[in-house]
Amino acid sequence: MQTETLLYIIFSGIIALLIAGFQYKFNKKSMSRRNMLFLFLRFLTIFSVLLLLINPKFEQITLSTIKPNLVIAVDNSSSIKYLKQDANVNSLVEKLITDKRLTDKFHIETYTFGEKLRASNVIEFDEKQTNIDAAFNQLSQIYKQTISPTILITDGNQTYGNSYEFAYSNYKQHIYPVILGDTVRYTDLKIQQLNVNKYAYLKNQFPVETILVYNGDTAINSKFIVTSGNSVVYSEIVNFTKQNNSKVINFKLPANSVGVHAYKALLEPLKNEKNTTNNLKNFAIEVIDQKTKIALVSDFIHPDLGALKKSIESNEQRSVSFLNSNSVLNQINDFQLVILYQPNNKFNKLYEVLNSENKNRFTVIGTKTDLNFLNKINKTFTHEITQQTETYQAELNKNYTPFIIEDIDFESFPPLNTHYGAVSFSLSFETILNKTIHGISKKEPLLATFETNGRREAVLFGENIWQWRAQSYLNSKSFNSFDDFVGKLIQYTASNKQKNRLNVAYESFYNGNTNVIIKAEFFDKNYVFDTRETLHITVKNVATNETKTFPLILNNTNYQVDLSSLPASDYEFTIKASKENISKSGSFKILEYNVEQQFLNADVTKLQQLATNSQGKSFFVNTAENLAETLLNDTRFVSIQKNNKNSLPLIDWKYLLIIIALSLSLEWFLRKYNGLI
């Protein structure tokens, strides 16, 4: 407390005493006990009121002890059960979390990980993928500012993601791996990798690349076979030695009929080979009859052209040709869609041909677009001419109805550059993306689609979409989300199919290690997304004729169902609306493949390197009883005592108001009782 405040309090006490004395002592020859009590009560009241006016502040010091965290991260993938380590894991985790010495020293937190990290102590060993690096990335956000030694219980076999032995560079904690699984190296043959395109074209041949690996000391022979049904479509004798322990086989298979075709690749196992699961891989390919051809027409070079081409051709069913406004005229009938990039008056003849042929088109408007020409030649919309430019960011319209759109974080994308001015349409249109400036929506279309006279059109009011593709990669470390968005837009504009009230999005086949997600949209009679409908999917296993029915769950702008629990087989499905007689049918195939069963041993080298790099220590599961002692004796992990100082003003002390009220009330009551009032 400051000296000045202390002087104010003393001065207030003197004033309170003088006022109370003046009222009860002045002109009185002697003081009775009753008057002394009255004087004290009045002094207490006045002094308390003056204290409230001064409002001194008092410092409150509290001490708290913060224990270090002990993070237990447990591999919840099915490979742990496959290696018969599930009982060891459960026993070890139980010992750690019930060890009183550890709970006294540490605040213990338990997590499980597979594809994602979860705060849970329920371990089921049922996840289909393992991403250890992603688990460390998430833990680094949680325990960024704390002392949190981490016990990593895993076999070290990661199925996807960045290499985790360098995770210490982001996760600044000491890591103690507990290594699960057999460390003995057995003789093993396996198909390390099989690369094949998702699509092939009818009457063509599609390439297949296979990487075969051998672990062993003696020279051996085997046979690599590819079958389709009961027919062998390719075979080759392969030889391996200790030095030449890998082989790459490239071959081609014919695409003779349209549809999904499943194949089985087998590397014949050796006698007494312990793990034969990794000798087999299933793969499939969808054979299509034709390719969607798209003309990308521009009279100047721009980075957008390359970005659009790469996004569109990420789906091998589509090809893009760069043409100028003159060269495209003689080839117009070769294309299902024409993309008009920033048209000017040189596009005059092209527009005449497009209108006469009633061709679908996608127009991109930017700063080099001739708006006078476009307003004159185009009959569907008019762009205000202001001779000014503006940059607009995007906001997804979640009520867009023609096809399913995922939000790929459009609001994080850089702004597009275009002409400033309002756009007026002469017909009804659907907005995919709205314009925003500094986060404020203008309720004007940035990307829109519409249908007229049996043709489909899309318009993008902005250039530099190449920056969107780059930002999408920065957001998700992949171009896939942006390319899928462009692909859906191209699929819609290249087709002349009429609107459907029930749209379904699914793949023709799914690999056994991926999630089987089917999405659907349902619209009312005005083609507004209907959240009131109840959709169900009935799935039939073609091989067993077993049928199952699942509800589709509403998820923001679509309905979806996860069928990942279904076993590998061919399936037929029907999605029905419960309130209306509307349904949609299809078929898909789930390929048999469990990536978690491809491993025979623990990855000891990476786990030991991770422990060394993070200044921790690795343990094998059968010696993990020493882990608790190591953590308890490590002087780096100590509790921290924190000193918290709080400044509390007197006005916040409610008891002072109670004292004032009681002293006034008691004084009044006693004076009344003694007949002085």
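Which residues does Ile432 touch, not counting residues up to four places away in sequence?

Author: This is a predicted model, in which local features need pLDDT of at least 70 and side-chain atom pairs count only at pLDDT 80 or more, while totals for chains, interfaces and linings use all residues. Residues are numbered from 1 along each chain as its sequence is written, and side-chain values use heavy atoms, with hydrogens and water left out.

With residues up to four places away in sequence set aside, Ile432 touches Glu395, Leu396, Asn397, Tyr400, Phe403, Ile405, Leu447, Ala448, Thr449, Phe485 and Leu489; contact means heavy atoms within 4.5 Å. Both Ile432 and Phe485 are among the residues with the most contacts inside the largest nonpolar core, a group that also includes Ile339, Phe362, Leu433 and Trp468. A nonpolar core is a set of buried Ala, Val, Leu, Ile, Met, Phe, Trp, Tyr and Cys residues joined through side-chain atoms within 4.5 Å, where buried means under 20% relative accessible area. This core has 37 residues, and its largest share, seven residues, comes from helix 11. Helices are DSSP runs of H or I with at least four residues, strands are runs of E with at least two, and both are numbered from the N terminus.

In helix 7 (residues 303–313), the buried residues are Asp304, Leu305, Ala307, Leu308, Ser311 and Ile312. They lie on the same side of helix 7 because they cover an arc of only 165° around the axis, taken from the directions from the helix axis to the C-beta atoms.

Notes:
Buried < 20%, exposed > 50% of the residue type's maximum accessible area, 1.4 Å probe, protein only.
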